[in-house]
Amino acid sequence: MFVRLLQLQWKSYRRSAALTSGVITSVFYLFGMLYFIVMFMLLGYGSFYVLDEEMGVDPLRFINQHIIYGTSFWIVWRYFIQKMPVLNIQALLTLPIKVNTIVHYALGRTIFSFFNVSNAFFFIPFSVVLVNNGYPFSQVLSWHLAVAAIVFCTNYINILINDRNDLFYAVAVILVLFAVFQRYDIFDITVYMGPVFDTFYNDPIYTLIPWLVLLLLYRLAFTHFKNRMYLDAGLQVAKKEAKQIQLGWFNRFGRTAIFIKNDIKLVLRNKRSKMTLWISLMFLFYGLLFFTDSSGGLYDNPVWKIFAGIFVSGGFLFTFGQYVPSWDSAYYPLMMSQNIAYREYLNAKWSMITIATSVSTLLGSFYMLFGWDVYAAILTGAIYNIGINGYLVLLSGAYIKTPIDLTSTKKPFGDKQAFNAKTLLLTLPKLFLPMVLYFVGSLFGGEWAGYMTVACTGILGYFLKNKVFDLIETLYKTEKYKTLNAYKQST
Amino acid sequence: MIRIEQLTKRYGDTTVLNIPEMDIPKGQVFGLVGNNGAGKTTLFSLLLDLIQATEGTVKIDQVDVSTSEDWKTNTAAFLDDSFLIGYLTPEEYFYFIGELRKVSKEDVDELLAGYADFFNDEILNKKKYIRDLSKGNQKKVGVVATFIGDPELLILDEPFANLDPTTQIRLKELLTEKGKDTNTTILISSHDIQHVTEVCERIAVLEKGEIVKDLKTKAKTLKELEEFFAK
């Protein structure tokens, strides 16, 4: 039976719009995958030497002390990105398959997710380097197995807390609190957590504990899933009372306003699109990593400041813009048969992005506390985002063609989170180009010339709007039939 | 109103639609019947330029739908639930369509008031999003939305499916009423030959992508269609 279910999964993957949507996207996807794998491996291999030689600490003890942060961060990260086991449950329920089999399968499949496997690319090279440097093999193995169990634990914790926003925010807040406490020497969690992880290395018998916890979590996740396998329980569609939103103010934008008003409702009324707002907020604070010394000076380089500047104001651009026109996939045929000029439609999306970028830039003005040059980087990033990246997301959107099932958030087994890894990968070129521009500019006149080069490119882009929109419009028109066809498939 | 010339749609080697020539004059109420896979939805999708014809053209008011978008101003369609926006309330959806068709909120309200009977008090002011309505009620929303702005061409795919008996009868009355207007051309597809014979003045039968019958509706048309499909 398991094999049959695997076949189903394989078919749904092979036949998905994402894989059949063209070579370019697939290549980007593979390239990005490879990038992450290589980065993880390099990190796993290199961190021993960096810690040992540069920082003069025992690499294993250091990792053990800080692994608690890694784990919590991993849980938060997964919460946002990892998709829940997608299975068309309703269709299977009345078939002669044991419910237990379905649940075991759905849960078991998650073990092979990128989020588990990618850890192996870090920890295996790291363990190998440990052994090569004279750490006893059996002890390293025991430690390694314990860590593996913990990674799998985060997998099932994620499944358990996925419907519980309150639990998730609790985890996130505690994580931030501990980090702040440690930063200001109030309370250092790592002092207490380090020895716990050391135990797995010192005394292999304790490695059983994380595995037992894993078993327990699996049982919990299993019961959690199984109890919800009824159409009127977990599989039921939750109905919310409709709320009116007053958006008359936008009418001053003319025809474009029709779509802007609709997009605002789209963002606010669907969990999946609402997530873009949360992520934009996260992006807004992302710069703190760069502009404070919490990164240990790793990013103390103007080129990276531009990188951060793009991020701070670009959260909405990357999470929302990237998915134009997929947000409207559920009713794309309606849009295509209505009295709509493509330009108005695209202009509305672009305006949404521009408004959000401007608001983020305003909210980000607290970065001035870190110095004028910091805020200059953010302003430059915003100008570039509006002038160039705003078009680029619309362009790549024409090719993404992954339908978004807005309503899927209401099913416990739908893919529910706001964005997937693939779109994240497509953002890479949008980040590196301004860095290159900055670098070229700075060769001629230092930091400010670099900023000016990036900003001027953005301003130039802004004034070329009509030309670029002509291009995007033609592109959307040629892609129209393919897009309509791709959206017919549900995710 | 509509002119079809040498229209074919092929997927690989399979021809799913092949109509050498067809005219639908202005004001006609045109019914399309056929079994599953006969090509009804394909034809409607081609009329709306949602799929690309392999050969041939569709012209609405002398305009080729695949090269110009002018036809969109006076055409309204409801093919399936991909014509609805799930996260809007029915009212918001009607206003949205109204704005696109340049019909004011007040005029939309006035139009909706006329359909109070049809809605049977299940649609308006219910504080429900369209995605939370039943299939039948969703269909009511979709069908009525096509009436906004008095389009000259209405295209409805299976408008009777999923509706309760009372609503089916009301919809028939509604469409018959609309059909009397010599300015409005209506295209309906259905699996239910009885409904179609009651509403339409002309009925075409599609089979394997070809028009095999094209009838002016008369007293014996229903019998003729029944015999055709009973074979």
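A residue is termed buried if 20 or more other C-beta atoms lie within 10 Å of its own, exposed if 12 or fewer do, and partly exposed in between, with C-beta atoms placed from the backbone. The structure is a predicted model, in which local features need pLDDT of at least 70, side-chain atom pairs count only at pLDDT 80 or more, and totals for chains, interfaces and linings use all residues. Residues are numbered from 1 along each chain as its sequence is written, and chains are lettered from A and ligands numbered from 1 in the order in which they are written.

In chain B, 5 of the 5 residues of strand β7 (residues 153-157) are buried; strands (E, at least two residues) and helices (H or I, at least four) are DSSP runs numbered from the N terminus. In a regular strand the side chains alternate between the two faces of the sheet. Burial extends to both faces of β7(B), with L153(B), I155(B) and D157(B) on one side and L154(B) and L156(B) on the other. Strands are taken to pair if DSSP finds at least two bridges between them. By this criterion, β7(B) pairs in the parallel sense with strand β6 (residues 75-78) of chain B over 4 bridges, where A77(B) stands opposite I155(B). A parallel pairing over 5 bridges also joins β7(B) to strand β8 (residues 185-190) of chain B, and here L156(B) faces I188(B).

Chain A contains 20 helices and 0 strands, and 35% of its 491 residues count as buried. In helix α6 (residues 99-109) of chain A, the buried residues are I102(A), V103(A), Y105(A) and A106(A). These residues fall within an arc of 160° seen down the axis of α6(A), and therefore line one face of the helix; the arc is that of the directions from the helix axis to the C-beta atoms.

Helices α12 (residues 255-269) and α13 (residues 271-291) of chain A pack at an angle of about 90°, with their axes 5 Å apart. Axes are lines fitted to C-alpha atoms, for helices over the stretch in contact, and angles run from 0 to 180 degrees between N-to-C directions. The two helices, α12(A) and α13(A), are therefore roughly perpendicular to each other, a term covering 65 to 115 degrees, whereas angles under 35 count as roughly parallel, over 145 as roughly antiparallel and the rest as oblique. L266(A), V267(A) and L268(A) of α12(A) meet S273(A), K274(A), T276(A) and L277(A) of α13(A), contact requiring C-beta atoms, placed from the backbone, to lie within 7 Å.

Notes: Contact = placed C-beta atoms within 7 Å.
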